[in-house]
Amino acid sequence: MSRRLSLITSALALAAGTASAQDMAFNRIASFATMLNNADNMAESSSEIISASDDGMTIVYSDSPLGVIGLIDIADPANPQPKGNIDMGGEPTAVSVIGNTAYVGVNTSESYTAPSGVLKAVDLATGAIIAECDLGGQPDSTAAAKDGSFIAVAIENERDEDAGDGRVGQMPAGFLTMIDVVDGTLDCATLRRTDLTGLAEIGAADPEPEFTDINALGEVAVTLQENNHIAIVAADGTLLNHFSAGTVDLEGIDATDERAALIFTQSVQDVPREPDAVQWIDDNHIAIANEGDMDGGTRGFTVFHKDGTLVYDSGISFEYAAVAAGHYPDKRSDAKGVEPEGMEIATFGDTPFMFLLAERASLVGVYDMTDPANPVLTQLLPSGISPEGAVAIHARNLLVTANELDLVEDGGARSHVMIFEYQAAPAAYPTLTSAGADELIGWGAISGMVAGENGIVYAVNDSFYGFQPQIFTIDTTQVPARITAALDITRGGVPAQKLDIEGITTDGEGGFWLASEGRTDRMIPHGLYHVNADGEIEKEIAFPAELLAVETRFGAEGITQVGNTLWIALQRNWKDDMGNDAKLVSYNLETEEWGAVTYPVDDTENGWIGLSEITAHGDYVYLIERDNQIGAQAAVKQITRVAVNELVPAALGGTLPVVTKEVVRDLIPDLATYNGYIVDKVEGLAIFADGTAWVSTDNDGVDDSSGETFFWSVDLN
């Protein structure tokens, strides 16, 4: 086996839920939307850096858009409650808690060239600011000494990327500051400043400290991200050591975002790591998250001895694990891939764990760090959109992540804090993975599905991967369910273009019928496609003129076969439909005649409701009917059915018969069992002969999405 294939196999095997075979695993038990702390729940807010009170009962997070720190009561961690916000009089960039006092770095800068900031001590019991120290620059991160004796603050004095060439150096330079904590508050007279200029090979005159952490010896590790450098500083401010973060050659990556395809065949050389987060593993070893910023980012993490010796580098293994879990952010391929940014290290039981936060993959990698030279990936955790910070509360077996992106302006998911528990239970995530396949299979945006034989489900991706339409073979007999193969949908031997495949059904002869949702304004036709067992399109059937005459954007979302007739579910009402009703369109394979019936869609006060799937089983066709709402606004995610004997199509262009629908299952309680927010896109439904149905959500290719795909079974008997 080649080294590269060995690396892939190892990463994927670890990502495949091997933790389910262990006695303990981390599982999400709750999520908290930061808007619940806000007077105006439509205001943009964000949970970024996060900490916890010493008793582990209160979570504190920095909220830059609102200029506050937010508090969450987690006395019952499975039912977190809002405790409100405390105004910081500026932009809070980080928070560290000692005892019941929060130490908050606050940016008060007038401009990039005139940076300023303060460190505030906040009594969490009263909300009062009990001390404030002038930092002399713009704070980025804070860290608390393990014995609670001092706070370290990385003063970044970040550059204006729109000024000049956007690079370091831009004055004034950043530095490191430390302040003692005395009698539960700040002693500003003890402020000491460590000069970090002249250290790095890159921008030596303009260090930009990014992240800091403190070991049990009181030694401070600080990353200079844009300078690609690391410094180790004593508690008294003396510089102990410094060294370059180094560079890496990356092979087998997707380095372009222009193809809308997951193709991991490219390479880049001499990429600087440019670390963001840093954490001490023990008193001698640090781990860095190689997010990148100015010139680099190596898509993984690295372990160094504090003397600068390289101990371990993850290479592309972490990114491959994200790929297998369906969390690879294709639109970020030309930048920094999954972008490992945040990090937390803590011991649970006897095991030191590292929690590596991938900002763009919205994923947390859990590593056993018992041997710093041989980290072992044990789990992948779903973490909301853009995890920024994490705090471990090991005394309560809890891990809490802060996820910064708030899509309120787009009607999307809000910023959330996610709570995980280390428990005697199998790993609940991922629910679908391509780990263990013979080759690396990237996937996402699962749409239509159909049941095959012997526990196999076939699924298609939608237009998010427009240059790589594929049919996935899913083995549902494994836990988690496994994607074992990906078949390219081709035209003339190359990946077919101008498709938005939303539905699939078997043809009974080893091939498939596919339904593509058209967009005339994008020159994507509405139509049906017959492909053979090799994925080659053998026949293309355009929608008839009578149907296209009343076209709207929201077209075919599912296809199934009843006898010699294909039935296609249109997602929403077209121009000749009444109210919210939608069409079930028929195409007779023998006579080539088109027809339709009317499906009565539920009414809604928020957004819209439409159809996402249709599949035949027994005497019924089953459909997914859903709204486009997320979180607490979600009201309709359900499986319905219509009796086959009611599917008597009338000619297009005239009055259509209205079928009777029956609600079979409310899917919102199913989605709630994953303890995140309710996602909007329930898109796939496949039913086996015994009545076991498999349901899937569409993760939108991890674009403004948490990347979570939920794939689960229900009994329709």
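Before anything else, I need a word for my notes: a residue is buried when its relative accessible area is under 20%. I also remind myself that this is a predicted model.

**Entry 1: strand β34**

I started with β34, which spans residues 470-475. How many of its residues are buried? I found that six of its six are. Then I checked the two faces. Gln-470, Phe-472 and Ile-474 are on one side, Ile-471, Thr-473 and Asp-475 are on the other, and all of them are buried. So both faces of β34 are covered, by that under 20% cut-off.

Next I looked up its partners. I recall that strands of a sheet pair through backbone hydrogen bonds, either parallel or antiparallel. Strand β33 (residues 456-461) runs antiparallel to β34, with five bridges joining them. Ala-459 has Phe-472 as its bridge partner there. Strand β35 (residues 481-488) is also antiparallel to β34, joined by six bridges. In that pairing I noted Gln-470 with Asp-488. A hairpin of five residues takes the chain from β34 to β35.

**Entry 2: an open sheet**

Then I went to a sheet of four strands, ordered β24-β25-β26-β27, open and antiparallel. Which strands stand at the edges? They are β24 (340-348) and β27 (376-382). Each has a single partner strand, so one side of each has no neighbour in the sheet. Ignoring direction, neighbouring strands here are turned by 20° against each other on average. I zoomed in on β26 (residues 363-368), which pairs with β27 over six bridges, antiparallel again. Asp-368 sits opposite Val-376 of β27.

**Entry 3: rings**

For the aromatic pairs, I got a count of 26. I picked Phe-264 and Tyr-320: their ring centres are 6.1 Å apart and their planes are at 75°, so I wrote down edge-to-face. Where do they sit in the chain? Phe-264 is in the loop between β18 (247-253) and β19 (266-272), Tyr-320 is in helix α2 (residues 317-324), and the two are 56 residues apart. Phe-264 is buried at 7% relative accessible area, and Tyr-320 is buried too, at 0%.

I also marked one aromatic cluster, made of Phe-26, Phe-348, Phe-353, Phe-355 and Tyr-422.

**Entry 4: charges over rings**

Last, I looked for arginines over rings. The charged end of Arg-192 sits over Phe-150, 5.7 Å from the ring centre. Arg-193 lies over the face of Phe-175, at 3.6 Å from the ring centre.

How values were computed:
Residues are numbered from 1 along each chain as its sequence is written. This is a predicted model: local features need pLDDT of at least 70, side-chain atom pairs count only at pLDDT 80 or more; totals for chains, interfaces and linings use all residues. Side-chain values use heavy atoms; hydrogens and water are left out. Rings of Phe, Tyr and Trp (its six-membered ring) pair if their centres lie within 6.5 Å; planes under 30 degrees apart count as stacked, over 60 as edge-to-face and the rest as tilted. Buried means under 20% relative accessible area, exposed over 50%, partly exposed in between (1.4 Å probe, protein chains only). A charge sits over a ring if NZ of Lys or CZ of Arg is within 6 Å of the ring centre and within 35 degrees of the ring normal. Two strands pair if DSSP finds at least two bridges between them. Axes are lines fitted to C-alpha atoms, for helices over the stretch in contact, and angles run from 0 to 180 degrees between N-to-C directions.
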